[in-house]
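Have the structure open as you read.

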Amino acid sequence: MQPDLGAIHHVVLDMDGTIYKGKELFACTMPFLAQLQDAGIGYTFLTNNTSRSKADYVAKLQAFGIECGERQIYTPADSTIAYLEDHYPGSVSIAVLGTPSLCAQFEQAGFTVTWDSPQAVVVGFDTTLTYERLCRAAYWIGRELPFIATHPDLVCPTDEATVLVDCGSICAALTAATGKRPVVLGKPDPSILLDLCRGLGLVPRQVAMVGDRIYTDMVMAQKAGAVAVLVLSGEATAEDAATLEEPPDVVVADIGELGPMLTASPGVSR
Ligand SMILES: [Mg+2]
């Protein structure tokens with residue numbers, strides 16, 4: 001079924017490979033955001049990276065010249081908070097294998113972050129990981145506490161001479177030590193996008209998810225029922241897209257090509 005791009009009220013943008021690559025903003029990004037603003041279409045930035053705070057991302061985007069507030073930044077820390085509140089109401093103390101900024105986000109949401117008698121264990125992209133805390137996390141997971149991963153990524157892309165061991169790999173070590181597997185949130189789990197739609201008061205078909213990765217961005221969009229827009233400015237190629245059993249709704253070279261398609265669609269009803 002052809003998506004009704006005139007019905008799109010909100011665009012959710014992946015970041016790396018979609019609006020910039022590494023340290024370089026795409027030339028089409030600022031004009032695209034201006035087009036959305038002129039058309040009254042809102043936008044949110046969505047990343048799987050839980051090592052940084054929303055304030056860090058606001059600062060990063062502002063350094064590129066993109067004006068945005070923390071409300072426009074969404075990470076799986078948000079869906080993890082929603083998941084805990086939904087599934088374990090009243091569970092207020094959690095052990096977090098994560099950066100100080102991730103711990104602070106849980107504390108701001110009303111959780112007590114502790115290694116003493118927690119009620120659940122949350123694992124994020126812990127760039128401050130220590131052996132002692134890894135062992136403590138394994139201990140509590142082995143005691144049958146809920147085990148939640150903020151996202152599945154095994155490594156975080158980098159052009160430095162290193163491998164950034166990400167949440168999925170840290171969880172793999174914990175699974176090997178305990179025999180327990182985590183509940184995995186973040187892209188491609190659709191709950192992060194569905195939560196976002198709910199928060200905006202929109203149904204998924206009024207939201208376009210734009211990203212460069214098929215197995216995270218596009219799979220999440222399709223599971224959530226949002227309009228899936230693949231950009232070829234990052235990881236996926238046109239050949240990758242052509243071989244898919246369930247292709248994205250829209251495939252464009254970059255967001256520069258998408259802008260006019262959204263704003264000039266017939267039946268615009270915003
Ligand atoms: Mg990307």
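Find helix H3, residues 76-87, and helix H7, residues 191-200: in this predicted model the two pack with their axes 9 Å apart and at an angle of about 85°. Angles of 65 to 115 degrees count as roughly perpendicular, so H3 and H7 are roughly perpendicular to each other. On the H3 side, the contact is made by Pro76, Asp78, Ser79, Ala82 and Tyr83, which meet Ser191, Ile192 and Asp195 of H7.

Now let's turn to the domains. Where the domains touch, eight residues of domain 1 are in contact with ten residues of domain 2. On the domain 1 side, those residues divide into four charged, three polar and one nonpolar.

Finally, take in the chain as a whole. You can count ten helices and 15 strands in it. The radius of gyration is 19 Å, close to the 18 Å that the globule rule gives for 270 residues, so the chain is as compact as a globular protein of that length. Along the principal axes, its C-alpha atoms fill a box of roughly 55 × 40 × 40 Å. Of the 270 residues, 44% count as buried. As for how the sequence folds back on itself, consider contacts between residues at least 6 apart in sequence: 66% of them join residues at least 24 apart.

Terms used:
Residues are numbered from 1 along each chain as its sequence is written. This is a predicted model: local features need pLDDT of at least 70, side-chain atom pairs count only at pLDDT 80 or more; totals for chains, interfaces and linings use all residues. Axes are lines fitted to C-alpha atoms, for helices over the stretch in contact, and angles run from 0 to 180 degrees between N-to-C directions. Helices (H or I, at least four residues) and strands (E, at least two) are DSSP runs, numbered from the N terminus. Angles under 35 degrees count as roughly parallel, over 145 as roughly antiparallel, 65 to 115 as roughly perpendicular and the rest as oblique. Two residues are in contact if their C-beta atoms, placed from the backbone, lie within 7 Å. Ala, Val, Leu, Ile, Met, Phe, Trp, Tyr, Cys and Pro count as nonpolar, Asp, Glu, Lys and Arg as charged, and the others, Gly among them, as polar. The radius of gyration is taken over C-alpha atoms; the globule rule is 2.2 Å times the number of residues to the power 0.38. A residue is buried if 20 or more other C-beta atoms lie within 10 Å of its own, exposed if 12 or fewer, and partly exposed in between; C-beta atoms are placed from the backbone.
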